[in-house]
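Dear colleague,

I am passing a structure on to you, with the sequence and the coordinates shown just below. My notes follow after them, and I would be glad if you read the two side by side.

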Amino acid sequence: MNRQAQAALLFLLGATVLHAGLTDLHLRYVKAGLRPLLLLSGAVLVVTAAATVWYEWRGTRRRPNRDHDRDRGRGRDHDRDREDGHDHGHREPRVAWLLALPALALILVAPPALGSYSATHTGTALQKPFRFPDLPAGDTLRLGVGEYAARAVYDDGRHLRDRTLRITGFVALDPAGAPQLVRMSLSCRAADAQPVKIALTGEVPPVLRPDAWLEISGTYTPRRTKDPVNDGPVPYFEVTAAKPVPAPPDPYDEVWNG
């Protein structure tokens, strides 16, 4: 791999990272707050590629012309060896081309977001938050899955009672076939995402497809159950209405800590 190939590879990697950072693609890998770092990393790679090309071009222009007679004489064998690939003094390992694979994977194969399969095989990651800030006034309150679960379990629903709540998440079925509304929460990257679950009761649609996204409306209920995977607390939600919705651009929730 010569300098021009190195520059091309750096540019490919940088352009791919920039593409992921400028679109919603990066949300399949890291949380939204890391977008500035992705953009900065991509820009550094592109600038490095441009600098590599510049210095190589400038070095080529400054290199003195060779004596063609000498090249045809005693330097002919050396040049032939270089052409045949026998000059090992300045060759970089070909394994460096493997660096192109992540870029190609990002471009060609965007992994799906973690869904019901991961949720049913992983215990709830619900944790007690640091505090419970006041909720805004109004007839209908929109909450995330993690916030509702944390307030229902660790605050006994004190600020949720007698209010109409609206929550969005994807459907999962527990081992007994009971429906749950789930959101995968992450603190940094998608590979570390863990589910937070809400069990559904009330006017639940009779047919629910795993991984389908729902917006549910209803009220708090003190009823709870345990996650069969890790015995973690799973609060119930009293459903009064449910409707299918498209998957959001960012399918993950950040860990809710109040």
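Which residue in β6 does Leu-214 stand opposite? Before the answer, please keep in mind that this is a predicted model. Leu-214 stands opposite Pro-244 in β6, and this pair belongs to an antiparallel pairing in which β5 and β6 are held together over 10 bridges.

The protein has 258 residues, of which 36% count as buried, and its secondary structure consists of 7 helices and 7 strands. Along the sequence these elements come in the order α-α-α-α-α-α-β-α-β-β-β-β-β-β. Among contacts with a separation of 6 or more, 70% are between residues 24 or more positions apart. The accessible surface amounts to about 15,500 Å², and carbon and sulfur atoms account for 55% of that area.

To return to β5, this strand also pairs with β2, again in the antiparallel sense, over 6 bridges, and within that pairing Phe-170 stands opposite Trp-213 in β5. On the β6 side, β5 and β6 form a hairpin with 6 residues between them. Asp-231, which lies in the loop between β5 and β6, has a positive phi of about 60° although it is not a glycine, and with a relative accessibility of 55% it counts as exposed. Most residues other than glycine have a negative phi.

Two residues of β5 can be described in more detail. Glu-215 lies in this strand and counts as buried because its relative accessibility is 11%, under the 20% limit. Leaving aside neighbours within four places in sequence, Glu-215 is in contact with Arg-142, Arg-166, Ile-167, Thr-168, Ala-241, Ala-242, Lys-243 and Val-245. The C-alpha atoms of Glu-215 and Thr-168 are separated by 4.4 Å, although the two residues are 47 residues apart along the chain.

The other residue is Ser-217, which also has its place in β5, a strand that covers residues 213–226. Why does Ser-217 count as buried? Ser-217 does so because its relative accessible area is 13%, which is under 20%. With the neighbours within four places in sequence left aside, the contacts of Ser-217 are Leu-165, Arg-166, Phe-237, Glu-238, Val-239, Thr-240 and Ala-241.

β6 has a further partner in β4, to which it is joined by 4 bridges, and these two strands run parallel; in this pairing Gly-202 of β4 has Val-239 as its bridge partner in β6. On β4 there is also a pairing with β3 (residues 179–186), this time antiparallel and made up of 6 bridges, and here the bridge partner of Arg-183 is Val-196 in β4. β4 itself, residues 194–202, is mostly covered, with 7 of its 9 residues buried.

Helix α7 is another covered element: because 9 of its 10 residues are buried, the helix is largely enclosed by the rest of the structure. The buried residues of α7 are Val-145, Gly-146, Glu-147, Tyr-148, Ala-149, Ala-150, Arg-151, Ala-152 and Val-153. After α7 comes Asp-156, whose phi is positive, near 55°. Asp-162, in the loop between α7 and β2, also has a positive phi, about 60°, although it is not a glycine, and its relative accessible area of 82% makes it exposed.

Lastly, I looked at the second largest pocket, which holds about 290 Å³ of space. Of the 19 residues that line this pocket, Ser-185, Val-196, Glu-254, Val-255 and Trp-256 are the closest to its centre. Which elements each supply at least two residues of the lining of the second largest pocket? They are α7 (145–154), β3, β4 and β7 (252–254), and α7 gives the most, with 4 residues. By class, the lining is made up of 9 nonpolar, 6 polar and 4 charged residues.

With best regards

Definitions and conventions. Residues are numbered from 1 along each chain as its sequence is written. This is a predicted model: local features need pLDDT of at least 70, side-chain atom pairs count only at pLDDT 80 or more; totals for chains, interfaces and linings use all residues. Side-chain values use heavy atoms; hydrogens and water are left out. Buried means under 20% relative accessible area, exposed over 50%, partly exposed in between (1.4 Å probe, protein chains only). Contact means heavy atoms within 4.5 Å. Two strands pair if DSSP finds at least two bridges between them. On a 1 Å grid over the protein atoms alone, a cavity is a set of points where a 1.4 Å probe fits but cannot get out, and a pocket is an open set with protein on both sides within 12 Å along at least five of seven lines; lining residues have an atom within 4 Å of a point. Grid points are joined across faces, edges and corners, and a volume is the space filled by probe spheres set on the points. Ala, Val, Leu, Ile, Met, Phe, Trp, Tyr, Cys and Pro count as nonpolar, Asp, Glu, Lys and Arg as charged, and the others, Gly among them, as polar. Accessible areas come from the Shrake-Rupley method with a 1.4 Å probe; for residues, only the protein chains shown count as cover.
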